[in-house]
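I opened the model to look up a few salt bridges, a helix and a surface patch. My notes follow.

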Amino acid sequence: MEGKTPGQGTIAGSGAQRNTGSLIRYAQSHFDAAHFHGLMAIYGRPLKGRVVALSHDRGRKVVDFVRCSYLGLDNHPKITAGAVEALNKYGALHWSCARTRLNFSILGDLEAALSDLFAARVITYTTVLAANMSALPLIASGHLTGGVRPVMVFDRLAHATLAFHKGTIAAETRVETIAHNDIDALETLCRSNACVAYVCDGVYSMGGSADIEELRRLQKRYGLFLYIDDAHGISIFGEHGEGFARSQIRGYLGERTIIAASLGKGFGASGGMIMLGTARQEELFRRFAVAHAFSASLNVAAIGAAFASQELHRTKELADLQQALRMRTALFDSLVPTDQTGSPLPIRTVEIGDELTAIGAAKALLDRGFYTSAIFFPTVARGRAGLRLCPTAGHSEDDIRGVGGAVKEVLAEIEDSRQH
């Protein structure tokens with residue numbers, strides 16, 4: 001995505017501007033086209049592996065390359081059994097009260113287990129969005145940075161669930177946005193300000209990653225505070241699946257790094273979490289973070305599923321799944337060259353350009369039995385539309401070869417139509 005983050009205008013000091021109206025006006029017709037072709041808001045039933053039966057199309061079976069369950073754990077029998085076992089044991093799905101009042105004991109067990117697994121103080125949330133909503137205002141307040149309100153610096157490609165909060169944060173402190181992975185610009189801000197907090201993704205949802213080594217260098221030199229949303233990096237990196245960011249930070253996190261992550265995606269359950277480094281941070285989050293103090297916890301089924309997943313993360317099966325993911329991704333790369341070819345990250349994007357052409361390409365793939373994501377503004381920059389595919393450990397080699405061949409066919413058809 002180029003320019004300002006979609007839905008956001010320039011933000012500095014206490015002022016904030018949004019351009020949601022123009023975003024909708026520009027993108028509405030493309031969403032209409034994607035819905036018309038049956039590419040969005042569809043319903044289905046999971047079958048074996050990555051196959052889905054489409055409810056709206058008489059149960060037609062397609063191979064799904066949309067889900068971000070990179071290790072194929074979202075229908076793993078041990079994880080679904082964990083959800084059922086927890087429901088049967090507790091006899092309730094949900095308690096309608098804030099977490100500052102009453103919690104299921106299994107939730108305490110889960111957070112303790114995750115804290116041990118990831119060598120951090122872990123708090124769980126219903127979503128990563130809720131985790132980000134909780135963390136960013138607390139960081140902006142200065143209570144995590146020695147009473148000094150930091151300049152909040154966002155990577156331009158920071159996920160929408162991060163960027164959306166710029167306006168709220170601007171009521172607390174100054175907000176800046178810099179070019180993607182622009183370490184030089186970030187260092188300049190560190191030099192000229194007493195306190196800086198950087199907000200970024202670990203693994204970006206359209207491919208690519210943060211430069212953790214360089215960010216740690218700035219942290220050591222200037223005291224840079226790091227808030228890293230590693231939703232797409234969790235489970236697929238690290239001996240215990242601690243994620244792209246956490247696996248590169250030895251020892252404890254300390255007081256200047258917070259990592260958010262997903263309990264869905266690679267982890268295979270549901271919800272989000274935050275990894276904290278100090279007892280004081282945990283105390284502040286449990287008392288004042290909005291999605292903790294004024295909202296409920298994960299439901300019991302999600303807690304049970306996550307507990308089963310953390311147990312699996314301690315076994316050899318995790319390494320086997322990580323290796324299978326690497327093999328499937330390498331196979332896809334051998335069939336379809338992309339800007340991400342050779343990357344250990346499991347996200348591949350095929351740029352096409354025109355929005356309607358990209359939507360047509362996704363429809364052509366669906367007709368061939370492969371469900372992929374048509375990506376267009378505001379997910380990517382205008383005129384940079386294309387396809388997003390997620391090879392996973394749950395795909396068979398035949399699945400990968402099949403989609404690779406189908407993508408090449410569709411791209412050849414597009415090129416032929418352009419030449420004529």
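**Salt bridges, a helix, a patch**

I looked up Arg221 and found it exposed, with a relative accessible area of 57%. The model is a predicted one. I then checked the partner of Arg221: it forms a salt bridge with Glu187, with the closest N and O atoms 3.6 Å apart. This pair links distant parts of the chain, with Glu187 in helix α7 and Arg221 in helix α8, 34 residues apart. Glu187 is buried, at a relative accessible area of 7%.

I ran a search of the whole structure for salt bridges and got 24. One I noted is Arg121 with Glu282, at 3.0 Å between the closest N and O atoms. Arg121 lies in strand β4 and Glu282 in helix α9, so the pair ties together parts that are 161 residues apart in sequence. Arg121 is partly exposed at 36% relative accessibility, while Glu282 is buried at 17%. I also found both residues in a network of salt bridges with Arg99, Glu111 and Arg286.

Next I turned to helix α2, residues 77-90. At 1.5 Å a residue, its 14 residues should span 20 Å, and I find its end C-alpha atoms 20 Å apart, which agrees. Ile79, Gly82, Ala83 and Ala86 are buried in α2. Seen down the helix axis, the buried residues fall within an arc of 95 degrees, so they line one face. They pack against α3 and α11. On the other side of α2, I noted Pro77, Lys78, Glu85 and Asn88 as exposed.

Last, I looked at a nonpolar surface patch of about 380 Å², made by Leu129, Met133, Val290 and Phe294. Val290 is partly exposed, at 37%.

Technical notes. Residues numbered from 1 in each chain as written. Predicted model: local features only at pLDDT ≥ 70, side-chain atom pairs only at ≥ 80, totals over all residues. Heavy atoms only, no water. Helix = DSSP H or I, 4+ residues; strand = E, 2+ residues; numbered from the N terminus. Expected span 1.5 Å × (residues − 1). Buried < 20%, exposed > 50% of the residue type's maximum accessible area, 1.4 Å probe, protein only. Arc of directions from axis to C-beta. Contact = heavy atoms within 4.5 Å. Patch = residues over 30% accessible without salt bridge, like charges linked within 9 Å, V, L, I, M, F, W, Y side chains within 5 Å. Areas by Shrake-Rupley, 256 points an atom, 1.4 Å probe, with all protein chains shown as cover. Salt bridge = Lys/Arg side-chain N within 4 Å of Asp/Glu carboxyl O.
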